[in-house]
Amino acid sequence: MQGWAASAIFAIRLYRKRYMAQAPTTRKRVTTLRLVEMKRDGIPIACLTAYDAMTAAIMDGAGIDVLLVGDSVGNVVQGHDTTIPVTLEQMIYHTQTVVRSVDRALIVTDMPFMSYQVSPREAFHNAGRLMKEAGCGAVKLEGGSRCVEAVRMMTESGIPVMGHLGLTPQSIHQFGSYRERGIHADEAEAMKKDAMLLQDAGAFAIVLEKVPAVLAAEITAALHIPTIGIGAGNQCDGQILVWADMMGMSTTFRPRFVRRYAEMHDVMTSAVQSYITDVRSKDFPSTEESY
Ligand code: KIV
């Protein structure tokens, strides 16, 4: 094994040992059933995205309920403008890395563009690959009525499915913009119907992205499964953010629905600058840091 890989695994194990015991919640594995119970008991569900083992270990240790291996990996990790180029093989790879370092959070994996649109049968087969080869606990797909048959096929065979309504980034070229969805009456009505159809098809939760808070509250009240909001107000049963957004990794992407909990871009820039200074001045490595 490479030295850096051994160090990364060592760091993850050390992190788990030191901090997981201090996590505020029980270390019992979060299940889809637990999320429905949390809705029933009025306990808000905290979700974040994750795409790699080290970041996922930190979030899991901190007590996050759900980690979504989102196809936003296309924007955050791969540098694409959209989520469209992301492949099923890449989602399997990223999920495997997350699965290795998480022992409590429910891991949900996004089905990438064109892995579920062709036919319910193909969608079912690809969802099965994500469960079997990647090891996630559930899959997520975007859309309502058009996916219902695929969702039913999966849930009837034991594959838990999270729906995703509102702004669905895989349809960006059809929408033409990232504006909020459900602001017009016909769009709002269609979204309410879609939410019901997904619930009836066996979905265990639904992400509502960039939806007016009032509409999200109405959908949340009408469902017995939880809604997870992103830019959808605080009446949803849970919230999700892309981890790089809430950590302040970017200086340019600052949508109003993102609360920045750290300014990691500045922290990391300053750390790299200090390193460069130390290398140039030969202050690093010191005698103690040498063999
Ligand atoms: O891919 C993703 O990160 C998502 C969230 C924004 C919900 O789908």
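Let's start with the ligand. Around the ligand we find Thr-49, Leu-68, Gly-70, Asp-71, Ser-72, Asp-110, Lys-140, His-164, Val-207, Glu-209, Ile-230 and Val-242. One caution before going on: this is a predicted model.

How do the residues of that shell divide? Four are nonpolar, four are polar and four are charged. Leu-68 and Ile-230 are among the residues of the shell, and Leu and Ile count as nonpolar.

Take Ser-72. One of its polar side-chain atoms lies 2.5 Å from an oxygen atom of the ligand. Next, Lys-140. Here a polar side-chain atom is 2.9 Å from a ligand oxygen. Then Asp-110. An N or O atom in its side chain is 3.0 Å from an oxygen atom of the ligand. How much of the ligand does the protein bury? Taken alone, the ligand exposes 260 Å². The protein buries 95% of that.

And where does the ligand sit? In the largest pocket.

Let's move to the cysteines. How many disulfides does a search of the whole structure find? Let's see why, one cysteine at a time.

Start with Cys-47. The closest cysteine sulfur to its own is in Cys-236. The two sulfurs are 11 Å apart, so they are too far for a bond. A disulfide needs the two sulfur atoms within 2.5 Å. Cys-47 is also buried, with a relative accessible area of 4%.

Now Cys-136. Its closest cysteine sulfur is the one in Cys-47. That sulfur is 15 Å away, and therefore too far for a bond. Is Cys-136 buried or exposed? Cys-136 counts as buried, at 5% relative accessibility.

To recap. The ligand sits in the largest pocket. Ser-72, at 2.5 Å, is one of the residues with a polar side-chain atom by a ligand oxygen.

Key. Residues are numbered from 1 along each chain as its sequence is written. This is a predicted model: local features need pLDDT of at least 70, side-chain atom pairs count only at pLDDT 80 or more; totals for chains, interfaces and linings use all residues. Side-chain values use heavy atoms; hydrogens and water are left out. A residue is near a molecule or strand if one of its heavy atoms lies within 4 Å of it. A polar contact is a pair of N or O atoms within 3.5 Å; within protein, one must be able to donate a hydrogen and the other to accept it, and residues adjacent in sequence count only if both atoms are side-chain atoms. Accessible areas come from the Shrake-Rupley method with a 1.4 Å probe; for residues, only the protein chains shown count as cover. On a 1 Å grid over the protein atoms alone, a cavity is a set of points where a 1.4 Å probe fits but cannot get out, and a pocket is an open set with protein on both sides within 12 Å along at least five of seven lines; lining residues have an atom within 4 Å of a point. A molecule sits in a cavity or pocket if more than half of its atoms lie within 2 Å of its grid points. Buried means under 20% relative accessible area, exposed over 50%, partly exposed in between (1.4 Å probe, protein chains only).
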